[in-house]
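Please look at the sequence and the structure shown here before reading on. The report that follows describes how the parts of this predicted model are arranged.

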Amino acid sequence: MKKTLIIENLHVSTVGGKEILKGVSLTIKQNEIHAIMGPNGGGKSTLSQVIMGHPGFVITKGKILVDGKNITKLSPDKRAKLRIFLGFQYPVEVPGVNFANFLRMAANENKNKNEKISPIAFRNLIKEKAAKLAFSEDITKRFLNEGFSGGEKKKAEILQMSLLRPQFAILDEPDSGLDVDALKYISKTITNLDFPVGLVVITHYQRILHYLKPDFVHVLIDGKIIKSGGAELAKEIEKNGYEKIFNNK
Amino acid sequence: MDMKKSSTINNQYTYGFHKPEKSSFKTPLGINEKVVEAIFSYKNEPLWMREFRLKALKIFKQKKMPSFGPDLSELNFDKLCFYNSPSNNKFRKWSDVPKDILDTYNKIGVPEAEKKFLAGVEAQYDSEVIYSNLKNHWEKLGVIFTDMDTAVKKYPELVKEYLGTLVSVDDNKFSALNSAVWSGGSFIYVPKGVSVPIPLQAYFRINAKAVGQFERTIIVAEEGSFVHYIEGCSAPIYTNDSLHAAVVEVFVKKGARVRYTSIQNWSGSVYNLVTKRMLIEENGIGEWVDGNLGSKVNMKYPAMILKGKGARGELLSLAYAGKNQYQDTGGKAIHLAPNTTSTLISKSVSKNGGRASYRGLVKIAKGAKGSSSHVRCDALLLDDKSRSDTYPVNDVQEQDVILGHEASVSKVGEQQLFYLMSRGLDEIQATSLIVNGFIEPIVKELPLEYAVELNRLINLSMEGAIA
């Protein structure tokens, strides 16, 4: 059971009672890359938020396990402490909160007293990592996501992941709205992460998968994974669309 | 005889301790001619001050309570002590200050702060200023920084020239009350061209139960001068209410600049009803940085009267309303001359049933051509029990002006909390970050030690709010 994220027969509804996930099961091991594809409204974002513990959803059945520990009822911060990370599709702006201070606070949450990183060392670390993502402005001086362009927001999520060093990360559409160059920088950062991580990448496009080379591709439609396969499945989707897969299942 | 911390009433208020009540002279409860006469004779004041006080008392009796804002009906003048002097003496050395009073200021950290980053300090304990000191360097340049009682005796002509000219005795019921029973407060005079780059600070402390503090402050900044004055306030936690009704008059002459920073952290049993006004002449700059964290009921609207061409006024107002608190704050800008500008920025945070209101007035008089005013008020609500209102009034009598007004009310959102918590911060840390981020534009204007203290206070009260 070591180093696995297991999603077991997960049924999820909104607080209002509308069922969104209707029995999703997935097993993610460290160093694996899983891609989840599927049409809009199929439940991809809900799945990512539920794994992180969003309070706006109700798990009616099933569970989520990390290294054998049931995390289904844990609050988001407790999940983060088990080193789960969610890269948001729409990162939230928090005015007046310095990006670097916030991230250092978060990074130090997981550390023992004598391991905590100093503000100066952390700033240097951010600058070094940010340079690899080609941020044009000094991100350590900016407020958390405030006034960031669409591309900067996506890059900043990947930057946060590279500094928080999770053992499992769910990236919700890290590629949507990015230009070709930004996509390259992001993909490169993800493939060159200097720590072992199990990745779940939610995407609409084959493009990012060309760089990331997923081990598994899953198709999530109407709250269920209707098909799983290797990287070739993503190419098939790109070519034929979801309808054909849905009809052939 | 130890200090007591009233942890049962409110475990977050750090300055809630009190010392045994001490007085060398105290008037009986209530207010009447006898009380006013007693203050006058005890202080051994010149005769003109007797007239000033007695006239003010008459006006106080005639004036009605404010017709707007918080309910003041529980404020009982008959149950308050209007004058309580802790000591017959004023001191220039902390080592001479009576021990229990010194203990109080040590606990708040005033002597320490003076050594590190202040040009002068004044400390008022109940009705009287107990300590006052201005570093030699500034004294030699002709700067005056003393308590108002000393100023009345030492510089009567200067005091007469300014006292009550900006906030008249009959301005409102509490300006009249203050004029009748005033005691203590600061008198600052900065000569032409002199700049005091490090702040002067006054510290106001109410110690005795159900006592009123009525300090009177005048700041005169002559042509081209600069001064930054900071005041801090705190009090013990009592179940009997206290009253703080100050009057502050600030005169900013041609090309001068005055910054007045106030951090009010009275305990939850204090009514804070204060009249503050600045008169800004040609090309002068007047700034209010007004932090309101404490008190039960707070009514404070610092005003800027832009009298000379090109005068500038800026108000940064912060209000924090917790349980059983009503912060009615805001500001006023009166444009009387051409090309004057004002900025009023207000931020309020309400939690645990607290109520915060912005009450503002912008008046642009006929002839104040080319003037502009910008008003922005933002409110943050931490729960459904809390409340925020805005009451802005604009009175514009000139065509050629720019007037901008923006207002927003937001709640700490589920998405923001989820986002921060997903990075490993617990709910308290996440909420504190959001609140501190919200008030950041004002906090960054505070001297560093105050900014740190403010963030610490907010974090402390968040713990109480959520846990």
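Helix H8 of chain A (residues 231–240) lies across strands S3 (33–37), S9 and S10 of chain A, and runs at about 45° to S9(A). Helices here are DSSP runs of H or I with at least four residues, strands are DSSP runs of E with at least two, and both are numbered from the N terminus. Axes are lines fitted to C-alpha atoms, for helices over the stretch in contact, and angles run from 0 to 180 degrees between N-to-C directions. Two residues are taken to be in contact if their C-beta atoms, placed from the backbone, lie within 7 Å.

The sheet to which these strands belong is open and has six strands in the order S6-S7-S8-S3-S9-S10 (chain A), with mixed pairing; two strands pair if DSSP finds at least two bridges between them. Strands S6 (84–87) and S10 (224–229) of chain A each have a single partner strand and stand at the edges, so one side of each lacks a neighbour in the sheet. From one strand to the next the twist averages 20°. Strand S9 of chain A (residues 216–221) pairs with S10(A) over five bridges in the antiparallel sense, and His218(A) stands opposite Ser228(A) in S10(A).

The model is predicted, and local features need pLDDT of at least 70, side-chain atom pairs count only at pLDDT 80 or more, and totals for chains, interfaces and linings use all residues. Residues are numbered from 1 along each chain as its sequence is written, while chains are lettered from A and ligands numbered from 1 in the order in which they are written.

## The four-stranded sheet of chain A

An open sheet of four strands, with antiparallel pairing, has the order S2-S1-S4-S5 (chain A). Its edges are strand S2 (19–29) and strand S5 (69–70) of chain A, each with a single partner strand, so that one side of each is left without a neighbour in the sheet. Strand S1 of chain A (residues 4–14) is joined to S2(A) by eight bridges, the two running antiparallel, and Ile6(A) stands opposite Thr27(A) in S2(A). Helix H1 of chain A (residues 44–52) packs on this sheet, where it touches S1, S2 and strand S4 (57–66) of chain A, and its direction makes about 65° with that of S4(A).

## Helix pairs in chain A

Helices H3 (residues 99–109) and H4 (residues 119–132) of chain A pack at an angle of about 105°, with their axes 10 Å apart. H3(A) is therefore roughly perpendicular to H4(A); angles under 35 degrees count as roughly parallel, over 145 as roughly antiparallel, 65 to 115 as roughly perpendicular and the rest as oblique. Ala100(A), Leu103(A), Arg104(A) and Ala107(A) of H3(A) make this contact with Pro119(A), Phe122(A), Arg123(A) and Ile126(A) of H4(A). By class, the contact has six nonpolar, no polar and two charged residues, where Ala, Val, Leu, Ile, Met, Phe, Trp, Tyr, Cys and Pro count as nonpolar, Asp, Glu, Lys and Arg as charged, and the others, Gly among them, as polar.

Helices H5 (residues 150–164) and H6 (residues 180–191) of chain A pack at about 10°, with their axes 10 Å apart, which makes H5(A) roughly parallel to H6(A). The residues of this contact divide into five nonpolar, three polar and two charged.

## A helix pair in chain B

In chain B, the axes of helix H1 (residues 33–43) and helix H2 (residues 47–62) come within 10 Å and cross at roughly 155°, and H1(B) and H2(B) are therefore roughly antiparallel to each other. Glu33(B), Val36(B) and Phe40(B) in H1(B) meet Met49(B), Arg50(B), Arg53(B), Leu54(B) and Leu57(B) in H2(B), a contact of five nonpolar, no polar and three charged residues.

Chain B is divided into domain 1 (25–300) and domain 2 (413–467), with bounds that come from an automatic or database domain assignment. Their centres, taken over C-alpha atoms, are separated by 32 Å, and the contact takes eight residues from domain 1 of chain B and seven residues from domain 2 of chain B.

Between the chains, 19 residues of chain B are in contact with 23 residues of chain A. Helix H9 (414–421) and helix H10 (427–443) of chain B each supply at least two residues of the side of chain B that touches chain A.
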